[in-house]
Amino acid sequence: MIEVKDLKKKFDEVEVLKGISTTFETGKVNLIIGQSGSGKTVFLKSLLNVYQPTSGEILFDGKDINKMSRDQKQSLRAEIGTVFQGSALFDSMTVEENITFPLDMFTNLTFREKKRRAFEVIGRVHLEKANRKYPSEISGGMQKRVAIARAIVNNPKYLFCDEPNSGLDPYTSNIIDDLLLEITKEYNTTTIINSHDMNSVMTIGEKIVYLRLGIKEWEGDKDILINAGNKNLIDFVYSSELFKELREYFMKTNKTSIDNIITKPHKNE
Ligand SMILES: Nc1ncnc2c1ncn2[C@@H]1O[C@H](COP(=O)(O)OP(=O)(O)OP(=O)(O)O)[C@@H](O)[C@H]1O
């Protein structure tokens, strides 16, 4: 679980995060949404200690990251998996080498143990046939799966993803969403995802935090989002005609969950 208490972040005199408090529970997919410039990236980077908050607390299972020693931060870092925009893979390394990288960084496993673990996660994301390829030789969706495999190879307690669906078609985005939800359950991670993708919000958002101008303006799950009364949130989430019509359909039919409407694609792309 990650608890955030009254988190503020200023750059010079500009306050970007204006006192955000929320809780991200273990084993749940938490989505951070909001207009461009609302502070999502600064929020995620503050949680990851890339940015030092101006004030406030960030507690990883009760321990404040900003009060940790260097060694404690290093141990915490080994428990965090990250999937960044563009996958951020090493171009000169094969899929398998990319995935093994965190094991080289954070563990003392033997060569055989590392290989065994890498193969486990390669299998988990269905990339067995691509393990010797280089990132440039595989599709964007496959690159995302490599990034996810690399993020989970260390059995993380916390999983952070920044726009995991950026640049992917809707079909592949669904596959990535499903994978992130499944992994969250299997690994019991506290998963936090910055997202622009309303489809993700509707399908995997077990908790949604809506940021606006650096303030947490709304939070709740995907089912209560349909009936949310916050005008800014509704304008943002239902800005497309399709989602507007979907919402009207929901309101008319008194449905509260989208789960039975969205058809899931086949997992192996
Ligand atoms: N390192 C920085 N120094 C100064 N200002 C910054 C810095 N990083 C972000 N900001 C400002 O903070 C605000 C929020 O930026 P942020 O990148 O968090 O928005 P966002 O919600 O992630 O947007 P997007 O969806 O476009 O990625 C913006 O006004 C931005 O200019």
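## Strand 3, a covered strand

Let's start with strand 3, which is mostly covered: five of its five residues are buried. Keep in mind that this is a predicted model. In strand 3, both faces are covered. Val29, Leu31 and Ile33 are buried on one side, while Asn30 and Ile32 are buried on the other.

Which strands pair with strand 3? Strand 8 is one, running parallel to strand 3 and joined to it by four bridges. Here Ile32 stands opposite Asn194 of strand 8. Strand 9 is another, also in the parallel sense and over four bridges. This time Leu31 has Ile208 of strand 9 as its bridge partner.

Now zoom out. Six strands make up an open sheet, in the order 6-7-8-3-9-10, with mixed pairing. The edges are strand 6 (80-83) and strand 10 (215-220), each of which pairs on one side only. From one strand to the next, the twist averages 15°.

Strand 7 (residues 158-162) and strand 8 (residues 190-194) run parallel, with five bridges between them. As an example, Cys161 is partnered with Ile193 in strand 8. Helix 1 packs on this sheet and touches strand 3 (29-33), strand 7, strand 8 and strand 9 (207-212). The direction of helix 1 makes about 150° with that of strand 8.

## Around the ligand

What surrounds the ligand? The list is Phe11, Val16, Gly34, Ser36, Gly37, Ser38, Gly39, Lys40, Thr41 and Val42. Sorted by class, this shell has three nonpolar, six polar and one charged residues.

Helix 1 turns up again here: covering residues 40-47, it gives the most to the shell, with three residues.

## Buried spots in the helices

Helix 3 (residues 95-106) has its own set of buried residues: Val95, Glu96, Asn98, Ile99, Thr100 and Pro102. These buried residues pack against helix 4 (111-124) and helix 5 (140-152).

Over in helix 7 (residues 198-204) you'll find Met202. Is Met202 buried or exposed? Met202 counts as buried because it has 22 C-beta neighbours inside 10 Å, and the cut-off for buried is 20 or more. Met202 and Val237 are 35 residues apart along the chain, yet their C-alpha atoms are separated by 9.5 Å.

Most residues other than glycine have a negative phi. Asp6 has a positive phi of about 50°, even though it is not a glycine. Asp6 sits in strand 1 (residues 2-11). With 13 other C-beta atoms within 10 Å, Asp6 is partly exposed.

Asn49 is also not a glycine, and its phi is positive at about 65°. Look for Asn49 in the loop between helix 1 and strand 4 (55-60). Asn49 counts as partly exposed because it has 17 C-beta neighbours inside 10 Å.

## How confident is the prediction?

The chain has a mean pLDDT of 89, and 93% of its residues reach 70 or more.

Terms used:
Residues are numbered from 1 along each chain as its sequence is written. This is a predicted model: local features need pLDDT of at least 70, side-chain atom pairs count only at pLDDT 80 or more; totals for chains, interfaces and linings use all residues. A residue is near a molecule or strand if its C-beta atom, placed from the backbone, lies within 6 Å of it. Helices (H or I, at least four residues) and strands (E, at least two) are DSSP runs, numbered from the N terminus. Ala, Val, Leu, Ile, Met, Phe, Trp, Tyr, Cys and Pro count as nonpolar, Asp, Glu, Lys and Arg as charged, and the others, Gly among them, as polar. A residue is buried if 20 or more other C-beta atoms lie within 10 Å of its own, exposed if 12 or fewer, and partly exposed in between; C-beta atoms are placed from the backbone. Two residues are in contact if their C-beta atoms, placed from the backbone, lie within 7 Å. pLDDT is the predictor's confidence in each residue, from 0 to 100. Two strands pair if DSSP finds at least two bridges between them. Axes are lines fitted to C-alpha atoms, for helices over the stretch in contact, and angles run from 0 to 180 degrees between N-to-C directions.
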